[in-house]
Amino acid sequence: MDCPPLIGMAGPDMAPRLISAPEPIQIALDNYVGAMATSHDGQVIAASCPRGGKLLFWNLKGELIGTRDFKDSSGIVAGNAPSSFVATNGSGEIGDLSADNVHRVTRESLAFDNHVALAHA
């Protein structure tokens with residue numbers, strides 16, 4: 001199975017480049033990333049990978065700093081805490097998490113696709 005890099009990075013002081021997860025993770029992604037987000041503090045990039053049932057977290061050096069199992073992951077958006085995210089999946093779960101911690105997962109009687117946004121009152 002061909003496993004090309006699925007994530008790209010670029011910045012004002014960084015030429016565009018592609019990055020890959022370690023091979024076993026990369027293979028599990030089944031050549032698909034559904035959505036991406038950057039944390040509010042700008043330090044972490046998250047990728048939602050529904051075919052692989054994973055969320056991946058990268059630092060700005062392009063290093064994989066964490067993974068979370070999250071079946072049928074879909075939407076992902078920056079959370080309120082630094083380097084945190086809110087993720088949704090097709091089973092109606094809403095996860096409040098970071099690369100090193102799962103803060104909370106709730107389940108709703110609905111399902112999500114790969115689009116989500118946080119509304120602030």
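Guide: Leucine 55 has arginine 68 in β6 as its bridge partner. Before going on, note that this is a predicted model, in which local features need pLDDT of at least 70, side-chain atom pairs count only at pLDDT 80 or more, and totals for chains, interfaces and linings use all residues. Residues are numbered from 1 along each chain as its sequence is written, and side-chain values use heavy atoms, with hydrogens and water left out.

Visitor: How many bridges do β5 and β6 pair over?

Guide: β5 and β6 (residues 64-69) pair in the antiparallel sense over five bridges, where two strands pair if DSSP finds at least two bridges between them. The strands themselves are DSSP runs (E, at least two residues), numbered from the N terminus. Leucine 56 stands opposite threonine 67 in β6, and in the hairpin of these two strands, with four residues between them, glycine 62 takes a positive phi near 85°.

Visitor: And which residue of β5 is opposite valine 44?

Guide: That is asparagine 59. Strand β4 (residues 44-49) pairs with β5 in the antiparallel sense over six bridges, and the two form a hairpin with four residues between them, where glycine 53 in the turn has a positive phi of about 65°.

Visitor: What is the strand order in the open sheet?

Guide: The order of the four strands is β3-β4-β5-β6, with antiparallel pairing. Because β3 (35-38) and β6 each have a single partner strand and stand at the edges, one side of each is left without a neighbour in the sheet. The twist averages 15° from one strand to the next, with axes being lines fitted to C-alpha atoms and angles running from 0 to 180 degrees between N-to-C directions.

Visitor: Is β5 mostly covered or uncovered?

Guide: Strand β5 (residues 54-59) is mostly covered, with six of its six residues buried, meaning under 20% relative accessible area with a 1.4 Å probe and protein chains only. Lys54, Leu56 and Trp58 lie on one side, Leu55, Phe57 and Asn59 on the other, and all are buried.

Visitor: Changing topic, where is serine 73 found?

Guide: Serine 73 is found in strand β7 (residues 73-78), and it counts as buried because its relative accessibility is 1%.

Visitor: What does the side chain of serine 73 reach at 3.2 Å?

Guide: The side chain of serine 73 reaches the backbone oxygen of lysine 54 at that distance.

Notes:
Buried means under 20% relative accessible area, exposed over 50%, partly exposed in between (1.4 Å probe, protein chains only). A polar contact is a pair of N or O atoms within 3.5 Å; within protein, one must be able to donate a hydrogen and the other to accept it, and residues adjacent in sequence count only if both atoms are side-chain atoms.
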